[in-house]
Amino acid sequence: MISRKMMYGMALAITLLAACGPAPVKQERVQVPVMEDSTFLTGTFFVVRHAEKNPGADSTLTEAGLKRAGKLYRMLKDSGITRIYSTPFKRALQTGDSLRILGKIDTALYKPDSTGESLLYEISRNNDWGKKILVIGHSNTIIPILKSLNTFPRDTIRDEDYDRLFMVYKGRKLTKMFRARY
């Protein structure tokens, strides 16, 4: 005869086996292709230094600087620029004011740095990759910005250089840079 302990043990074993259910079926993982955003890190960038400035830490433009800002407007007014990126300094903002006001183009601010990372961050934050953008910087930030856009400029920007315009076309596989003066 079966003892009571054995019956309880068998009942417990059957209950535990029933609770476990069938063994899980091993499913194969299906690889899902990752689709890259086709516009990320692409676009057309017009990079300039602010125009001639008055003395001082956060100075405004001189009369010559205001004229140069007007030249920049006339040169870029039909370029299809969708946003202006400027540092928060008065001289940089004034350099893009004609294009901003007359072209009704929004301006976004970025912090000037020695790597260009702040600009790239703001472009990403504003979802502006793949667009035409004017970037207004300073003598010590233009070259780092160009490098951050994957160009290899041999240029230097001296304190008296205000007339340089760098046009960078950045595609998914190819980056081209052109220089002009205005």
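I take helices (H or I, at least four residues) and strands (E, at least two) as DSSP runs, numbered from the N terminus. On that basis I place Glu117 in helix H4.

**Entry 1. Basis**

The model is predicted, and I note that local features need pLDDT of at least 70, side-chain atom pairs count only at pLDDT 80 or more, and totals for chains, interfaces and linings use all residues. Residues are numbered from 1 along each chain as its sequence is written, and side-chain values use heavy atoms, with hydrogens and water left out.

**Entry 2. Overall make-up**

I find 5 helices and 6 strands in the protein. Along the sequence they follow the pattern α-β-α-β-α-β-α-β-α-β-β. I call a residue buried under 20% relative accessible area, exposed over 50% and partly exposed in between (1.4 Å probe, protein chains only). By this rule 40% of the 182 residues are buried. Accessible areas come from the Shrake-Rupley method with a 1.4 Å probe, and for residues only the protein chains shown count as cover. The protein exposes about 12,000 Å², and carbon and sulfur atoms supply 57% of that area. For contact I require heavy atoms within 4.5 Å. Of the contacts between residues at least 6 apart in sequence, 64% join residues at least 24 apart.

**Entry 3. The sheet**

I count two strands as paired if DSSP finds at least two bridges between them. In what order do the strands of the open sheet stand? The order of the 6 strands is S3-S2-S4-S1-S5-S6, and the pairing is mixed. S3 and strand S6 (175–181) are the edge strands, each pairing on one side only. Axes are lines fitted to C-alpha atoms, for helices over the stretch in contact, and angles run from 0 to 180 degrees between N-to-C directions. With direction ignored, neighbouring strands of this sheet are turned by 20° against each other on average.

I then looked up two of the pairings. S1 and S5 are antiparallel over 6 bridges, and Phe46 has Met167 in S5 as its bridge partner. S2 and S3 are parallel over 4 bridges, and Arg83 has Asp106 in S3 as its bridge partner.

In a regular strand the side chains alternate between the two faces of the sheet. In S2, I see Arg83 and Tyr85 pointing one way and Ile84 and Ser86 the other way, and all are buried.

**Entry 4. Nonpolar cores**

A nonpolar core is a set of buried Ala, Val, Leu, Ile, Met, Phe, Trp, Tyr and Cys residues joined through side-chain atoms within 4.5 Å. The largest core has 20 residues, of which Phe45, Val47, Tyr85, Val135 and Leu146 touch the most other members. At least two residues each come from strand S1 (43–49), helix H4 (117–125), strand S4 (132–137), helix H5 (142–148) and strand S5 (164–170). H5 gives the most, with 4 residues. Another core, of 14 residues, lies apart from it and includes Leu72, Tyr73, Leu76 and Leu99.

Which residues does Val47 touch, not counting those up to four places away in sequence? I list Val135, Ile142, Ile145, Leu146, Leu149, Arg164, Leu165 and Phe166.

**Entry 5. Helix H2**

The expected span of a helix is 1.5 Å times one less than its number of residues. The 14 residues of H2 (residues 63–76) should therefore span 20 Å, and the end C-alpha atoms are 20 Å apart, which agrees. Gly65, Arg68, Ala69, Gly70, Leu72, Tyr73 and Leu76 are buried in H2. The cover over the buried residues of H2 includes S1, helix H3 (90–102), S4 and S5.

**Entry 6. Helix H4**

H4 lies across S1, strand S2 (83–86), S3 and S4, and runs at about 150° to S2. Its buried residues are Ser118, Leu119, Leu120, Glu122 and Ile123. S1, S2, S3, S4 and H5 are among the elements that cover them. Is Glu117 buried or exposed? Glu117 is exposed, because its relative accessible area is 54%. The C-alpha atoms of Glu117 and Ser148 are separated by 7.1 Å, although the two residues are 31 apart along the chain.

**Entry 7. Positive phi**

Most residues other than glycine have a negative phi. Just after H4, Asn127 takes a positive phi of about 55°. Lys104, in the loop between H3 and strand S3 (106–109), has a phi near 55°. Lys104 counts as exposed because its relative accessibility is 72%. Asn150, in the loop between H5 and S5, has a positive phi of about 70°. At 42% relative accessibility, Asn150 counts as partly exposed.
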